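Here are my notes on the model you sent over.

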Amino acid sequence: MELLERLSRRQVQTLIAVQRGETPERGASLNEVARALRMRAPSALEHLTALEALHLVSRFRGKSRLTARGQACLAEYQRHHRVAESLFQQLGLSAKDTHLAALEVDLALSHQTVDRLCAAEGHPQECPHGAPIAPCRSRRGAG
Ligand SMILES: [Zn+2]
Ligand SMILES: [Zn+2]
């Protein structure tokens, strides 16, 4: 089973909160992450601790950063989400509805299925909201 399929929705949201909260100078504080997740600090800390155990987040003096593995995992998640959004758009959903529909499936899809969907969609370069979609594995480095 792929790493992404083992993550909970809350864990993905926590990765996103850390990415948004950290700067080149310092990691995201627990309060920043908790606020972004709209949960109390002890609950946010539980998610951070689980992500640290998976080597997706590193914590130093109370501040959290994504590891290289965490960044790669989040990029892969965003690819799943955006390919799913594009699929739903091609099926006729409004751009707004594609986001919620994609949230229902993005974590469950395997990388292989996402690549197949991407190919079937004609390899879209952006999601319906204009965010970039990373190329398929088979096309990376192919120009
Ligand atoms: Zn593709
Ligand atoms: Zn989007």
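1. Cysteine 118 and cysteine 136 are both buried (buried is under 20% relative accessible area, exposed over 50%, partly exposed in between, with a 1.4 Å probe and protein chains only). Before going on, a caveat: this is a predicted model, where local features need pLDDT of at least 70 and side-chain atom pairs count only at pLDDT 80 or more, while totals for chains, interfaces and linings use all residues. Residues are numbered from 1 along each chain as its sequence is written, chains are lettered from A and ligands numbered from 1 in the order in which they are written, and side-chain values use heavy atoms, with hydrogens and water left out.

2. Cysteine 118 sits in helix H7 (residues 111-120) and cysteine 136 in the segment after H7, so the pair ties together parts 18 residues apart in sequence. Helices are DSSP runs (H or I, at least four residues), as are strands (E, at least two), numbered from the N terminus.

3. Now look at helix H4 (residues 41-53). Its buried residues are Ala44, His47, Leu48 and Leu51. Exposed Glu46 and Ala53 are on the face turned away from the buried side. Just after H4, histidine 55 has a positive phi of about 65°.

4. The buried residues of H4 pack against H2, helix H3 (30-37), strand S2 (57-60) and strand S3 (63-66), with contact meaning heavy atoms within 4.5 Å.

5. The largest nonpolar core has 23 residues, and Leu7, Leu15, Val33, Leu56, Cys73 and Tyr77 have the most contacts inside it. Such a core is a set of buried Ala, Val, Leu, Ile, Met, Phe, Trp, Tyr and Cys residues joined through side-chain atoms within 4.5 Å. H2 gives the largest share of this core, five residues.
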